[in-house]
Amino acid sequence: MCDYCFSFLEEKFPEFAEKCKEVEVNVVNKHPKAAILLGGSLVEEFTGKICDLADVGHLKDYTQFDRLRELGRYNIIPFYDQKSFDRARKIRNKAAHSDGESTMDKAYVMHRMLYNVAVWFYKNYGEDPDFVSKKYEGPIYEKEELSKDTIEDMVNKAISSKIGKHTQMSLSDDNSSIVNFRQGIGGRDNNYLLHDFSEEYKKIKGSYLLGELYKLRNSSKEAVEDADSLNSFKEYLHVERGIQNEFIKKLKEVVNDNSAHLVMLCGNVGDGKSHLLAFLNTHYPDLANQFKIHNDATESFDPNKNSIDTLSEVLSAFKDSNINNSNEKFILAINLGVLNNFIESDYANEEYTIIKQNLVDSNIFDPNNFSQNYDSEHVNIISFADYNMFELNGDDYENRVSSTYISSLIQKVVDDSQNNPFYQAYLKDKELGIETPVIYNYEMLSNKKVQDVILNLIIKISIKYKKIISTRDLLNFIYEILVPANIEKPSESYETFDYLKDFLPNLLYTKVNSSDLLKLFSFEDPINLRKETLDDLIIALNISDDILTPIKEYIDDDALPLLEKCFKEYGALKDGLLNNEHEIISSLIRFASIFGKNNIENVFINDDYLDYLDYLYYYNTKSPEKYQKLFNQVNDAIFNWKKYMGSDIINIDELNNFQVGRRLKLHPKISEEDKGLVGLNYDELGNRFKTDIRISFSVNNSSDLISINIDYPLYSSFVALNKGFKPNKTEREKLIVFKEFINSIINQTESDNRLFVKTIYNDENFVFEYDELFRKFSFKEA
């Protein structure tokens, strides 16, 4: 008889062995829906059998969700052993209610979960002290062909049973998965292969490429992150990040330790915690199965409990009374806001004081400190907080910033590879003669220069507007700049010029009803710039006898074929043959911002932004001598905000026709917190750095330091103030942080017994001074 993974059940539990074999047969023969539904029902049968053996038969009438909860409370199946049971339940339920969930990758996960359940069951109820389970390496049953009728009979038998109460469904789309898996000793091959487009790629509005790009949208089912495992789409798009390596490394370090370990994966909403858990479950299943995993309190054992109650329940092994006697390994993926609420709760103050103290010691909630990964005897903290999606390169590089992650993600979409489903769909559209803005935009995004421009703009948006950008945001953004809002099915009446507004340079800055990320790009629209070179281009467009002449002078050859196609049938703007002159000029300026030649590309560079990037790099690499100018800029901005009254004298108040001031001398300092990271260099910087700069001063040689965190919006305000900008009342209110910083500085001058008075009407200066020795005031002309 052919061997299979569950043969160890045959002697004592032959009925289970036979049913498990049926699941494995369906996995091997690529019948995912059958494998998933059979496997899920079988896991329920295991829990039913456990109820009988543990003398809690009344639980068999409960749903699987409630049954597992009660078995956990009875400690019959401890909560930390329930992971495989619960994952199997979720996968089966999703497949039962959505055909799209019955893919081979989910079938393999179901097979692995079923194996884990069977091993746990046999170890606890097989009464075989010599039993040693084999490491899971995937199905080992040799493939044989089964008829569709046989498979449907297997499934219907399972789903019509007392436990499997799902509606019968057809298996006609079992093999509709876009991914071809190859099973072997080493696991599975998740590479995309060339496919039969007629069956596996969907046309949307006449385009295969559009069908694939739709998967990038926030509203697509592929966009939903599943922490249980990576689906085939996410598997292809996966890009390695630095925090991934830190996380896996830490798990491998603590997994074999005899003491309890709580590994916290912390961060903000949308930063990739669920994706990282899915990566762990997919690529390191043996490691993952040795940990209990809880994802940000989203999986409550009791729907009536809030997230804090749930955390207290699932972390019970780490209570003060248990933590030193436990050897539980636990992964907690949690948002910082929820974690902060937990440590402020009564649970933390009464039962989890050790964990609370660890979190306090880690400084993870202090925005002024760089959050290093934290390790203690029982708690390990890995935080996304200071991992960025981009790298700082310093001013010795042509590009001050770069992003391996973002560029790799874009490349996943446009790579001219046999494994790339987007590219293969694009080739099929080209083969069919399809010609739409989506095709042209895809070709533009495939251009390295365009990728670099877009990459730098994304980083700029992140820094300038303090936008937290998730992977889902990026994928949706790629969709938005490739696909016009109201794309139509291509027709014979297609005219390139009519679709000028739908080309990538315009979509990048003007797309209506767009995502929050793309809306920020409108603030960077190059048509808002006032530069002499742009004026020259506009003049040339208006007076030239042929609109293509100035286009060729200012725009790279890469964009010329498309622009020639747009304008070849037209003469010049001055001839009046082209309507919407403003839209045409705006479009060409946007093209120039991406495809501009050397004679215009410098127009789109913001020197203040580049200076800030330099300061940011030197701050993070601890080179204060190289950002000394920033101290001077802050000093000048303070005096320009409050007004100079003379050398080192700052205005602190105005009374009728008088200005009142004090002497203020600021001395640049490095705070103790910043000194703690001296020694970092570029090689050590990676993706972990602060995106604002802490500047500290002592006032009039005081030992106390006053600090301010400078982000780019605040820095740009300093630059404006120093160029003569006079903020109105509303603008001053927006700079409340700077205002409070100045007030703190002025309060430090109160120990000075002298006040300087200046008359506004005739510019006379006086000194009002208190003599402590003789205890009297003097008022004299300065």
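The legends below accompany close-up views of a predicted model.

**View 1. Helices α2 and α5 pack with their axes roughly parallel.**
Helix α2, which covers residues 32–53, and helix α5, residues 104–125, have axes that come within 9 Å and cross at roughly 20°. Because angles under 35 degrees count as roughly parallel, α2 and α5 are placed in that class. The crossing of the two helices is left-handed. On the α2 side, the residues that meet α5 are P32, A35, I36, G39, G40, L42, V43, F46, K49, I50 and L53. On the α5 side, their partners are M104, K106, A107, M110, L114, V117, A118, W120, F121 and Y125. Sorted by class, the residues of this contact divide into 17 nonpolar, 2 polar and 2 charged.

**View 2. Helices α17 and α20 are oblique to each other.**
The axes of helix α17 (residues 404–414) and helix α20 (residues 448–464) cross at roughly 135° and come within 10 Å. Since an angle over 145 degrees would be needed for roughly antiparallel, α17 and α20 are described as oblique to each other. Their crossing is right-handed. Helix α17 contributes I406, S407, I410, Q411 and V414 to the contact, while helix α20 contributes Q451, L455 and I458. By class, the contact of α17 with α20 comprises 5 nonpolar and 3 polar residues, with no charged residues.

**View 3. Helix α18 passes helix α19 in a left-handed crossing.**
Helix α18, made up of residues 421–431, packs against helix α19, residues 437–445, at an angle of about 130°, and their axes lie 11 Å apart. That angle makes α18 oblique to α19. The residues of α18 in the contact are F422, Y423, Y426, D429 and K430, and those of α19 are I439, Y442 and E443. By class, the contact of α18 with α19 holds 5 nonpolar and 3 charged residues, and no polar ones.

**View 4. Cysteines C5 and C20 are in a structure that holds 0 disulfides.**
C5 is in no disulfide, and the nearest cysteine sulfur to its own, that of C20, is 9.9 Å away. Seen from the other residue, the cysteine sulfur closest to that of C20 is in C5, and the separation of 9.9 Å is too far for a bond, because a disulfide requires a pair of cysteine sulfur atoms within 2.5 Å. C5 counts as buried, with a relative accessibility of 11%, and C20 also counts as buried, at 0%.

Most residues other than glycine have a negative phi. At 72% relative accessibility, E127 counts as exposed.

**View 5. K726 is an exposed residue in a loop.**
The loop that contains K726 runs between α33 (712–722) and α34 (729–734). The relative accessible area of K726 is 65%, and the residue is therefore exposed. Between K726 and N640 there are 86 residues of separation in sequence, whereas the distance in space is 8.8 Å from C-alpha to C-alpha.

**View 6. I354 is a partly exposed residue of helix α16.**
Helix α16 spans residues 353–362 and includes I354. A relative accessible area of 29% makes I354 partly exposed, because this class lies between the buried limit of 20% and the exposed limit of 50%. The C-alpha atoms of I354 and F318 are separated by 8.5 Å, although these residues are 36 residues apart along the chain. When neighbours within four places in sequence are left aside, I354 is in contact with D320 and I323.

Notes:
Residues are numbered from 1 along each chain as its sequence is written. This is a predicted model: local features need pLDDT of at least 70, side-chain atom pairs count only at pLDDT 80 or more; totals for chains, interfaces and linings use all residues. Side-chain values use heavy atoms; hydrogens and water are left out. Axes are lines fitted to C-alpha atoms, for helices over the stretch in contact, and angles run from 0 to 180 degrees between N-to-C directions. Helices (H or I, at least four residues) and strands (E, at least two) are DSSP runs, numbered from the N terminus. Angles under 35 degrees count as roughly parallel, over 145 as roughly antiparallel, 65 to 115 as roughly perpendicular and the rest as oblique. A crossing is left-handed if the near helix is turned anticlockwise from the far one by less than a right angle, and right-handed if clockwise. Contact means heavy atoms within 4.5 Å. Ala, Val, Leu, Ile, Met, Phe, Trp, Tyr, Cys and Pro count as nonpolar, Asp, Glu, Lys and Arg as charged, and the others, Gly among them, as polar. Buried means under 20% relative accessible area, exposed over 50%, partly exposed in between (1.4 Å probe, protein chains only).
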